[in-house]
Amino acid sequence: MTTLEAIRIALLSLWANKLRSALTLLGVVIGVAAVIAVVTFVNGINGYVAEKIFNLGADVFIISKVTPVVTNVDQLLDGLKRKDLTVEDYQAVLEACKHCAMIGASITNTTGHVRYEEQALADTWIRGLTPSMAPILDLDLTAGRMVNENDEENRSQVGVIGTDVVDTFFPTVDPLGKEIRVEGEVYRVIGVGKKQGTTLGQSRDNYVAIPITTYLKQFGSHTSIRISGKAAGVGTELDAAIDEARAVLRARRHDLPGRPDSFAAETNASFLSIWSNLSGTFFIAMIAIAAISLVVGGIVIMNIMLVSVTERTREIGIRKAIGARRRDVLTQFLVEAVTLSSVGGLIGLGLGIGAALAIGLLTPLPTYISPLSVVLGLGVATLVGVFFGAYPASRAARQDPIEALRYE
């Protein structure tokens, strides 16, 4: 019997016993679908996080009171106990960081209210920033200008607005020069930011950016600022810039030698490393669940193959009587087991890709179908067939032809 003939017999057996076949392949289908869906989802979300959330340049670092990525409650509570970072801290870093191309500072209120005449906009991000923050974070404008040093020195009540604010207040008119109220204070619009889209369903264009000195004048200095730096280069230049900033801040905040920093210094690489650890844990957990389904599916396939060996005992005896070798019988049943699991793998592949695409359509999270995940899914299904089909195939191959011919 050729390999193609063995595959044909296996497919006919599947078709002849549809319910049994469906129950047999269920474990493999679920396992492979889970593998494909998880790999696709994790790849997509990793790319999304790198592009949309931690979209810092490779030469940029951020220093904050509490790390932006909190992984446990103790870490959050410890961070909240720290002293606030102040404008004086920013100025000290600005003077001391010789490997920095530029240094900036920012502070944000995420629950601001903005009004224009009778219209209002809630949950607007009120951003206080230094002029250098624009090139550090690549904040581009479509009209007007960014806040400058004169605005910062004079605490001018001017601001740059996002496209959500423009669409709400000025859909048909030029917003430049118009006056809006930010938490009750009047600000003149001097610029319009480039549209940035949404992140996890939250708009990044509902903001008003004002000079940091104006922000502190209006809202007070009781909130910690965030210091951002752009190194003169990547690699050793970035490390040197971070070390200089850390040294001056540790001295100002009286951090004892050998004790950890009383602030968090992060880069794009460190953010992604933290996220990779989190997504890796999720990935391992889901793959473990999928592996259980595959093992259960493999055991069911093995049981069905043992039943098939028993049902076809006389067939085995006849084949051996007319010259079939042990390895011929072994190959026949092994190919049938692999065919069973491969069919389950193909069905699971389709379901896994469908589930991943559905997530991409129904949520803002992207999906990336990796060719590696497809090969991995089909490879795992094939290995399940080989592993769990080996014993039934070996049992069939070891049967004595005389005893097999006598079997009723």
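The structure, a predicted model, holds 1 cavity of 30 Å³ or more, a cavity being a set of points on a 1 Å grid over the protein atoms alone where a 1.4 Å probe fits but cannot get out. About 40 Å³ of space lies in the largest cavity, the volume being the space filled by probe spheres set on grid points that are joined across faces, edges and corners. Its lining, made up of residues with an atom within 4 Å of a point, consists of Arg127, Leu139, Met146, Val160, Gln196, Tyr207 and Ala209. By class, this lining comprises 5 nonpolar, 1 polar and 1 charged residues, where Ala, Val, Leu, Ile, Met, Phe, Trp, Tyr, Cys and Pro count as nonpolar, Asp, Glu, Lys and Arg as charged, and the others, Gly among them, as polar.

Because the model is predicted, local features need pLDDT of at least 70 and side-chain atom pairs count only at pLDDT 80 or more, whereas totals for chains, interfaces and linings use all residues. Residues are numbered from 1 along each chain as its sequence is written, and side-chain values use heavy atoms, with hydrogens and water left out.

The largest nonpolar core has 41 residues, and those with the most contacts inside it are Phe61, Ile161 and Ile180; such a core is a set of buried Ala, Val, Leu, Ile, Met, Phe, Trp, Tyr and Cys residues joined through side-chain atoms within 4.5 Å. Here buried denotes a relative accessible area under 20%, exposed over 50%, and partly exposed a value in between (1.4 Å probe, protein chains only). When residues up to four places away in sequence are not counted, phenylalanine 61 touches, among others, Cys100, Ile103, Ile227, Leu238, Ala241, Ile242 and Ala245, contact being defined by heavy atoms within 4.5 Å. A second, separate core of 21 residues includes Ile301, Val309, Ile316 and Phe333.

Helix α8 (residues 212-219) has Ile212, Thr214, Tyr215, Leu216 and Phe219 as its buried residues, helices being DSSP runs (H or I) of at least four residues and strands runs (E) of at least two, numbered from the N terminus. These buried residues pack against α4 (87-96), β2 (100-116), β3 (119-129), α6 (149-154), β7 and β10, and the helix is followed by glycine 220, whose phi is positive, near 90 degrees. Valine 329, placed in helix α12 (residues 326-362), is buried at a relative accessible area of 1%. Apart from neighbours within four places in sequence, valine 329 is in contact with Ile316, Arg319, Lys320, Ala396 and Ala397.

The count of salt bridges comes to 9, each being a side-chain nitrogen of Lys or Arg within 4 Å of a carboxyl oxygen of Asp or Glu. Aspartate 205 and lysine 195 meet in one of these, at 3.8 Å from N to O. Aspartate 205 lies in the loop between β9 (202-203) and β10 (207-211) and lysine 195 in the loop between β7 (185-193) and β8 (198-199), so the pair ties together parts that are 10 residues apart in sequence. Aspartate 205 counts as buried, at 1% relative accessibility, whereas lysine 195 is exposed, at 56%. Arginine 246 forms a salt bridge with aspartate 243, with the closest N and O atoms 3.8 Å apart, and both residues lie in helix α9 (residues 236-252), 3 residues apart, about one turn of the helix. Asp243 and Arg246 are linked with Arg250 and Asp261 in a network of salt bridges.

Notes
On a 1 Å grid over the protein atoms alone, a cavity is a set of points where a 1.4 Å probe fits but cannot get out, and a pocket is an open set with protein on both sides within 12 Å along at least five of seven lines; lining residues have an atom within 4 Å of a point.
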